[in-house]
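Please keep the sequence and the structure in view while reading.

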Amino acid sequence: MAAKAGDSPDSLMTLATVFCLRNLRKTMCYQGSRNKLCLRSDIFLPSEICDKLVNTYMELVHTDSNFEPEENFFLLFSDPRSTRLSRVQLREDFVRDKDLEAIRKQDLIELHLTYCNSLTSRSLKALTCFRETLVSLCLFGCGHIFDKKGGAPLACNEDSEDDDEETPVSRQALETDFNFHGFNRLRLLNIGGLPDEVDVETLLRPLKSLTSLDLSNVQLLGTAFLIQWKDRLASLVLYNVDLSEELVSTVVEIYNLRHLDISRDSRRASKFKMTRKILTSIVQRLVNLVSLDISGHVMLDNCTVPHFEEAMGRPSIEPCKSSIYPFQELKRPLQFLGLYDTTLCNVTHIPAYKVTGSKNEDQVLNAIEAYTEFRPELAHRAINQLFDIARIQHCNHLLRALQLVIAALKCHKYDKSIQVTGSAALYYLTNTEYRSDQSVRLRRDVIQVVLNGMEQYQEVTVQRNCCLTLCNFSIPDELEFQYSRVNQLLLKILEPARQDESIQRIAVHLCNALVCQVDNQHKEAVGKMGFVKTMLNLIQKKLQDRMCDQVMEFSWSALWNITDETPDNCQMFLNCRGMSLFLECLQEFPDKQELHRNMLGLLGNVAEVKALRPQLLTPQFITVFSNLLDSKADGIEVSYNACGVLSHIMFDGPEVWSMDEPQRETVMNKMWDAIQSWDVSSRRNINYRSFEPILRLLPQSISPVSQHWATWALFNLVSVYPSKYCPLLIKEGGISLLEKVLELESSQPETKDMASKVMEQCENFKEDPMDTNQGQEVNYGQRG
């Protein structure tokens, strides 16, 4: 069988790394004095393993809510004699000055710090410790790394003390003495988002051998300093840098450039306009270019070939056929061309293998891929366009689309706009149309990022999108691996008394589905989270509003499911005024058939618990149950469930019947009349996982009517749904119990007759197990 999209397994290295990080004290560490985490003395780890540990640790911190960060994790890598680091990627505010100081003795080759806004000038001092070995450095979005803090700066040859108390970042003073003096091996540098107050020219002057420089969102006071790298620089990124003719003239002097990015966010004001002349100059002067990004620019004059003059035939990447005049000068097609948020992406012939734009799915996916890490504002717009493609048209590159959206949601967990558009896109990319092409692992990745979004944002749109996306999965099966977490998040959504109506409806539906057809251990765990109380609070609110809607019905259905064979949850229901709400709902909504069925199904579960039955044995409740025997609501379901409740109560014998009215005989007679009125071929809106609660009513003479109800229930189910219920009855020893019914003198003739028919039905099924009955059950509620 062919593998489905995204079904590649994790490597053994990845699995082992994650296991070690989740079990540090059982693998490579021990608990030292003052609960300090220490590396075992017999451990030596090479850089390949240490790099993987640190980088995976950061990923788990940001994407797995069940992962517990270690306070002094980076101190494990403080001694290069036992642990070697060479390539480290850290991101977000989680990273602090003391983390960099902890690893200052390492000979780092690559250090990528992205959006690390908690870092201050103390980290600049730590950076100097890597100056002799560092080849690649990224400080993108580290907006406070030049901010000074109180106290003496830490020199790289001093031992750092644990500094858990970090003072708030202040912009009162900037570190002006730092530059890259001594960073002689540094070749790749990204200082995107550098504060405007920092003099870029002075900062970079000592770097003589740069081959790649990213100055995104940096204010340049002059341009001449770029010339110092004209012989070496191969990559220059000037995204959102204020362009001028002077700057462009300088850039085209850097003749060895292979990648040039002069793109901008089109929503940001700019005086510079891209002209045909400028674009031609770039192409003609920078003959080694393989990658160019001019996204977001407005073209001042017409750079495109008129439509009637365009080359005939299918779209071509040959420069000579280019629909964009300046690119006809290219010697070969570009590997990458950024045209996002420009009109140029709409032309027919574009001389590039990979193009970003909004014309088609390929261009949109390329844009998401190219801009996710450092330009979330553009990735957000591209994901929104992918959302429209998946919603209105058809996504032809499903695996790539899902992987890109998942990556964006992981990368920008704290960016609300990405979370809104990404979760909306996932809803359409995981629906029935695409489901058959998706692997288990890929769908699990979707669930993980959806739950991350639900945890991070209480905002209505994100919550609604995430809940709707979860509805695309088989519940509870596909959510089993995150069962506790998803229940906790849904219950948190339902806590507010006045939640958004649509979210409330979806969340209650999901809660109901999650407790249907799971084992009792799961139900008990969810009950302890406050599930029963939350559902009853929703019911109370709906009663106050005098509204019986889907939320009301789903809440009772969820209670029906979660109390199935779980006495603790049944007890919670009674303790939280459940019976009072039951009576109020009956009185307020006398004609709501589905509501009545759900409520009576729940009370059937309560009645199965012997210790709780005395709380049901009151004149008020018995009268209500007795009256409901006459109900024709939802076929036989309400009457059937009311009779089931009474059957368990009657099973306790006449000695517990302490009330004068209604009399026990009167109620039993009504039960007989009700059972005889039911059509034994009735289709059922119920789903039994076990017959145990019914079977216990068979071999007894205390209450013949209870015995008859149980026998009728079995006959109905094995007759209408033989392929499901005949094997279940045989498996659970029902045949021998039915034989005892035949042996008991107290059994009524009609009960014995029905018991014989049940046994005959099962015998026939064993001889010919082909089920010719096409009737299907509806899983509204679950019993047994």
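Which residues form one aromatic cluster? The cluster consists of Tyr57, Phe67, Phe73, Phe74, Phe77 and Phe94. The model is predicted, so local features need pLDDT of at least 70 and side-chain atom pairs count only at pLDDT 80 or more, while totals for chains, interfaces and linings use all residues. Residues are numbered from 1 along each chain as its sequence is written, and side-chain values use heavy atoms, with hydrogens and water left out.

**Salt bridges**

- The whole structure contains 37 salt bridges, a salt bridge being a side-chain nitrogen of Lys or Arg within 4 Å of a carboxyl oxygen of Asp or Glu.
- Glu92 and Arg91 form one of them, at 3.6 Å from N to O, and both residues are buried (buried means under 20% relative accessible area, exposed over 50%, and partly exposed in between, with a 1.4 Å probe and protein chains only).
- Glu478 and Arg435 form a salt bridge whose closest N and O atoms are 3.2 Å apart.
- Glu478 lies in the loop between helix 15 (460-470) and helix 16 (483-493) and Arg435 in helix 13 (residues 432-435), so this pair ties together parts that are 43 residues apart in sequence; helices (H or I, at least four residues) and strands (E, at least two) are DSSP runs, numbered from the N terminus.
- Arg435 has 30% relative accessibility and therefore counts as partly exposed.
- In the salt bridge between Glu584 and Arg577, the closest N and O atoms are 3.3 Å apart; Glu584 is partly exposed at 30% relative accessibility, and Arg577 is partly exposed at 42%.

**Aromatic pairs**

- There are 25 aromatic pairs, counted when ring centres of Phe, Tyr and Trp (its six-membered ring) lie within 6.5 Å; planes under 30 degrees apart count as stacked, over 60 as edge-to-face and the rest as tilted.
- The ring centres of Phe140 and Phe374 are 4.6 Å apart and their planes stand at 50°, so the pair is tilted.
- This pair ties together parts that are 234 residues apart in sequence; Phe140 is buried at 5% relative accessibility, whereas Phe374 is partly exposed at 24%.

**Charges over rings**

- The charged end of Arg375 sits over the ring of Tyr239, 4.1 Å from its centre; this requires NZ of Lys or CZ of Arg within 6 Å of the ring centre and within 35 degrees of the ring normal.
- Arg444 likewise places its charged end over the ring of Phe481, 4.4 Å from the ring centre.
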